[in-house]
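Dear colleague,

I am passing a structure on to you, together with some notes on what was found in it. Please keep it open while you read.

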Amino acid sequence: MSKKSLIIRYSELAKELGVSTSTLWRWRQDKVIPEPISLGPRLVVWERVVIEQWLESKRTQEVKL
């Protein structure tokens with residue numbers, strides 16, 4: 001059993017969501033996804049729990065439609 005990191009990097013998140021990094025960048029600009037945490041001038045990450053909560057909210061929105 002592999003442990004998942006508490007944080008997820010840009011390229012890793014794009015891969016897990018099945019989208020390109022360009023799409024992820026566009027979603028970030030359009031405020032589609034939660035804001036990441038900046039760890040440096042060229043390093044942004046997301047807390048895995050925040051992404052999981054965001055995905056769950058998307059699932060419940062689809063069920064209501």
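Which residues form a nonpolar patch on the surface? They are Leu6, Ile7, Ile37 and Leu39, with about 390 Å² of accessible area together. Patches are made of residues with over 30% relative accessible area and no salt bridge, like charges being joined within 9 Å and nonpolar side chains (Val, Leu, Ile, Met, Phe, Trp, Tyr) within 5 Å; the areas come from the Shrake-Rupley method with a 1.4 Å probe, and for residues only the protein chains shown count as cover.

This is a predicted model, in which local features need pLDDT of at least 70 and side-chain atom pairs count only at pLDDT 80 or more, while totals for chains, interfaces and linings use all residues. Residues are numbered from 1 along each chain as its sequence is written, and side-chain values use heavy atoms, with hydrogens and water left out.

The count of salt bridges (a side-chain nitrogen of Lys or Arg within 4 Å of a carboxyl oxygen of Asp or Glu) comes to four. In one of them Glu12 pairs with Arg48, their closest N and O atoms being 3.3 Å apart; because Glu12 lies in helix H1 (residues 10-17) and Arg48 in helix H3 (residues 48-64), the pair ties together parts that are 36 residues apart in sequence. Helices here are DSSP runs (H or I, at least four residues), numbered from the N terminus. Arg48 also meets Glu16 in a salt bridge (3.1 Å, N to O), and this pair ties together parts that are 32 residues apart in sequence.

Best wishes

Definitions and conventions:
Helix = DSSP H or I, 4+ residues; strand = E, 2+ residues; numbered from the N terminus.
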